[in-house]
Amino acid sequence: GRVDAREDVPKLVATEIEVFEPGDTGLQTLRVRLPTHGLRDDSVDELKNLLQRHPGDSEVLLELGPTTVLRLPEQFSVDAQNGLVAELREMLGADSVIV
């Protein structure tokens, strides 16, 4: 595009236009439900190590009870397609992961 400033009010003139077509990028958000009681430090360390062993582009959200959701930093983004979900369900329970 270019700016046309010949008049009092500048205008943006498009020289090329592409139609945006949203599609499935393959990226998912992984929601992990953690128990609010009985969560031990070693369990948190185990979860951290598991997430770091599956690096990728999907963000991870931790649900801590019915009203608290934490978005993990980018360094904990994961590849949710590569066996991680099964490992999380084995570690935390069958209903602990939402993809």
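Two strands pair if DSSP finds at least two bridges between them. Strands (E, at least two residues) and helices (H or I, at least four) are DSSP runs, numbered from the N terminus.

## Basis

This is a predicted model, in which local features need pLDDT of at least 70 and side-chain atom pairs count only at pLDDT 80 or more, while totals for chains, interfaces and linings use all residues. Residues are numbered from 1 along each chain as its sequence is written, and side-chain values use heavy atoms, with hydrogens and water left out.

## Strand β5 and its partners

β5 (residues 60-64) pairs with β6 (residues 69-71) in the antiparallel sense over three bridges. The two strands form a hairpin with four residues between them, and Gly65 in the turn has a positive phi of about 85°. β5 also runs parallel to β3 (residues 30-34), joined by five bridges.

Leu62 of β5 is the bridge partner of Val32; in β6, the partner of Leu62 is Leu70.

## Helices α1 and α2

Helix α1 (residues 41-52) packs against helix α2 (residues 84-92) at an angle of about 170°, with their axes 11 Å apart. α1 is therefore roughly antiparallel to α2 (angles over 145 degrees). Axes are lines fitted to C-alpha atoms over the stretch in contact, and angles run from 0 to 180 degrees between N-to-C directions.

The contact (heavy atoms within 4.5 Å) involves Glu46, Leu47, Leu50 and Leu51 of α1 and Leu84, Glu87, Leu88, Met91 and Leu92 of α2.

Note on methods: Parallel < 35°, antiparallel > 145°, perpendicular 65-115°, else oblique.
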